Amino acid sequence: MNGTRALMTLILMITANSVPSWTCPSDCICLSHTQILCNSGHLTFVPLRDLPKAVEHLSMTKNNLTYLPTDAFTGLRHLRKLTLDTNCIRRVDRFAFRGLSRLRELSIQHTPLESLEKFSFAGLQNVTAILLGYNQISVIHEFAFAGTANIRLILLNNNPLHTVSANAFSGLTNVEHLILPSGIQQLQPDAFNGLDSVGLLKLSFMDLKSLKPHTFRGLSHVHVLSIQDSDLGVIRADAFTGLAHVGSLNLLNNKIDAVQSLTVTRENRIRHFRFNGNHVLDSPRRGTFSGLASAASDGFTVVGNHFPCDCHLFRFLDGHPFGNASRDLFTGKNYCISPLELNGQLVAVVNPAVVDKCLQTSVAAPPRTQAGVTTTAVLVAAVVLASTGSFLHDLAV
């Protein structure tokens with residue numbers, strides 16, 4: 001009997017010790033002390049005092065949280081998944097997520113969050129996904145992700161982002177995928193400065209006046225940098241200066257008013273360069289694609305693009321911009337925008353006599369406005385097929 005009583009006493013002691021020393025918050029459903037759902041609870045703050053320190057999965061969707069203060073989740077060191085979707089969050093303060101060393105997934109989506117402030121997402125480590133889609137983010141301020149490393153995915157889709165500030169991603173390292181939203185209107189110089197080791201950096205459906213000098217300065221070790229399906233305005237000189245260690249630099253299917261200079265050197269350490277499917281409204285001048293032939297270690301492609309078939313284009317090609325053997329490849333793989341008679345046809349169909357006439361005519365390149373277009377009516381009046389008996393002539397004033 002005494003042994004039985006001792007055993008029962010031990011069982012009661014163990015059971016008593018296993019009862020949690022906390023009460024589930026009234027607005028939450030506690031599936032366990034590690035998994036708590038506080039959804040649709042009308043919460044206006046994070047109930048830190050009522051949450052167990054061992055919680056690993058915390059969902060607080062459809063509440064009335066308006067902002068996240070510094071150290072908003074202090075003490076929840078075991079937290080692995082945090083979901084804050086469909087709240088009224090307008091501001092995330094500096095170091096709001098400090099101390100969450102085990103966090104693997106963070107989701108703040110479908111909120112009125114308007115900007116990513118300085119250090120707001122700083123110090124996160126080894127996170128699988130930071131999901132920031134479907135908010136109202138219009139600006140990413142400098143150092144928003146400082147000290148954040150080893151992130152598999154940062155998703156900013158479906159935000160009205162119009163400005164990426166200088167140093168917006170400074171201090172962010174080892175990101176597998178960084179996907180920015182469509183509609184960006186301004187990439188400030190040094191927008192990606194300090195961003196190191198990225199698998200895919202995708203910039204699409206932008207509406208820029210220009211790709212400014214030093215936009216990509218300080219960006220390094222990128223497997224794929226893809227700029228595509230955008231209106232790039234004018235590609236300014238030095239836009240890619242300071243970019244280093246790129247597996248593939250792709251400019252695909254963009255509208256480009258003019259290419260002031262697209263200089264790629266060995267210092268960029270680009271393995272492959274693709275300039276494909278773009279519509280360039282002003283023909284490139286000699287020196288526009290400086291260094292490309294020798295800088296891309298695994299080669300380059302310039303195909304499927306559309307250019308004005310004017311004298312500037314033929315003088316550009318006469319300078320062998322892509323190496324001695326590339327002229328025929330260029331004319332056989334790229335197309336004319338203008339004149340209308342040749343729109344959509346290969347550059348190669350232009351009458352050789354017309355090309356010779358262009359090359360024999362020495363006309364200085366006309367001045368450009370700040371928007372990158374010519375200030376005089378030049379060279380796009382008449383290129384027609386040889387069967388018409390007409391010829392290309394300069395109209396330079």
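## The D93 and R91 pair

D93 is buried, with a relative accessible area of 18%; buried stands for under 20% relative accessible area, exposed for over 50%, and partly exposed for values in between (1.4 Å probe, protein chains only). The side chain of D93 meets that of R91 in a salt bridge, at 2.7 Å from N to O. A salt bridge is defined here as a side-chain nitrogen of Lys or Arg within 4 Å of a carboxyl oxygen of Asp or Glu. R91 is partly exposed, at a relative accessible area of 39%.

## Basis of the model

The model is predicted: local features require pLDDT of at least 70, side-chain atom pairs count only at pLDDT 80 or more, and totals for chains, interfaces and linings use all residues. Residues are numbered from 1 along each chain as its sequence is written, and side-chain values use heavy atoms, with hydrogens and water left out.

## Other salt bridges

Side chains of opposite charge can pair when their charged atoms come close. In the whole structure, a search finds 11 salt bridges. One of them joins R90 and E114, whose closest N and O atoms are 3.4 Å apart. R90 lies in the loop between β5 (81–83) and β6 (91–92), and E114 in the loop between β7 (105–107) and β8 (115–116), so the pair ties together parts that are 24 residues apart in sequence. Helices (H or I, at least four residues) and strands (E, at least two) are DSSP runs, numbered from the N terminus. R90 is exposed, with a relative accessible area of 51%, whereas E114 is partly exposed at 43%.

D318 and R286 also form a salt bridge through their side chains, at 3.1 Å from N to O. This pair links distant parts of the chain, 32 residues apart: D318 belongs to helix α3, and R286 to the loop between β22 (279–280) and α2 (292–295). The relative accessibility of D318 is 33%, which counts as partly exposed; that of R286 is 55%, which counts as exposed.

## Packing of α3 and α5

Helix α3 (residues 311–318) packs with helix α5 (residues 352–360) at an angle of about 80°, and their axes are 9 Å apart. Axes are lines fitted to C-alpha atoms, for helices over the stretch in contact, and angles run from 0 to 180 degrees between N-to-C directions. The two helices α3 and α5 are therefore roughly perpendicular to each other, a class that covers 65 to 115 degrees, with under 35 counted as roughly parallel, over 145 as roughly antiparallel and the rest as oblique.

On the α3 side, C311, F314, R315 and D318 meet V355, C358 and L359 of α5. The residues of this contact comprise 5 nonpolar, no polar and 2 charged. Nonpolar covers Ala, Val, Leu, Ile, Met, Phe, Trp, Tyr, Cys and Pro; charged covers Asp, Glu, Lys and Arg; the others, Gly among them, are polar.

L65 is located in the loop between β3 (57–59) and β4 (67–68) and is buried, with a relative accessible area of 1%. Contact means heavy atoms within 4.5 Å. Apart from its neighbours within four places in sequence, L65 is in contact with L43, T44, F45, V46, M60, L84, N87, C88 and I89.

## Chain totals

The protein chain contains 5 helices and 25 strands. Of its 397 residues, 47% are buried.
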